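This report describes a protein chain from its overall form down to single residues. Please look through the sequence and the structure shown here before reading on.

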Amino acid sequence: MDLGTLQQRAVQIHDLYDELNRRERGRVWKREEFMLGFMGDVGDLAKLVMAEEGARTVPGGRPALEHELADCLWSVLILAHRYDVDLGHAFCRTMSELDEAISARLAKTGEPA
């Protein structure tokens with residue numbers, strides 16, 4: 001799947017969550033609440049990575065790690081959507097900036113880029 005297709009699917013699930021939250025709570029999540037949810041997902045991901053590395057025991061194993069990575073990606077896609085960020089463009093621009101900065105630092109140390 002390309003990024004646009006992933007984002008469309010993420011928005012479909014976002015819209016389902018909005019409908020569910022309207023029915024169950026009478027409101028939808030605000031943008032900052034999506035960020036707080038993402039923070040929780042990142043914490044869960046950290047525990048699963050530690051488990052994958054043998055540093056702790058967490059139920060779920062590899063399927064739980066895959067699920068949490070997908071949850072985190074969903075959150076990033078939705079935050080980009082909610083803040084009207086062209087994630088593909090921003091990603092390419094950021095990678096170019098990082099490439100340039102890292103290559104410049106490597107050149108200073110005499111290492112080949």
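## Terms and model

Helices, as named in this report, are DSSP runs of H or I with at least four residues, and they are numbered from the N terminus. The model is a predicted one.

## Overall form

The protein holds four helices and zero strands, so that its pattern along the sequence reads α-α-α-α. Because its radius of gyration is 18 Å, well over the 13 Å that the globule rule gives for 113 residues, the protein is more spread out than a compact globule. The C-alpha trace spans about 60 × 40 × 25 Å along the principal axes.

Of the 113 residues, 19% count as buried, while the accessible surface of the protein comes to about 8,300 Å², with 58% of that area belonging to carbon and sulfur atoms. Among contacts between residues at least 6 apart in sequence, 59% join residues at least 24 apart.

## Helix α3 and its cover

Helix α3 takes in residues 61–82, and its 22 residues reach 32 Å from the first C-alpha to the last, which is close to the 32 Å expected at 1.5 Å a residue. The buried residues of α3 are A64, L65, E68, C72, W74, S75, L77, I78, L79 and A80. What covers these buried residues includes α1 (3–25), α2 (31–52) and α4 (87–108).

One of the buried residues of α3 is L77, whose relative accessible area is 3%. When residues up to four places away in sequence are left out, L77 touches L3, L6, Q7, A10 and L87. With A10, the separation is 67 residues in sequence and 6.7 Å in space, C-alpha to C-alpha.

Most residues other than glycine have a negative phi, whereas the phi of D84 is a positive value in a residue other than glycine.

Terms used
Residues numbered from 1 in each chain as written. Predicted model: local features only at pLDDT ≥ 70, side-chain atom pairs only at ≥ 80, totals over all residues. Heavy atoms only, no water. Helix = DSSP H or I, 4+ residues; strand = E, 2+ residues; numbered from the N terminus. Rg over C-alpha atoms; globule rule 2.2 N^0.38 Å. Buried < 20%, exposed > 50% of the residue type's maximum accessible area, 1.4 Å probe, protein only. Contact = heavy atoms within 4.5 Å. Areas by Shrake-Rupley, 256 points an atom, 1.4 Å probe, with all protein chains shown as cover. Expected span 1.5 Å × (residues − 1).
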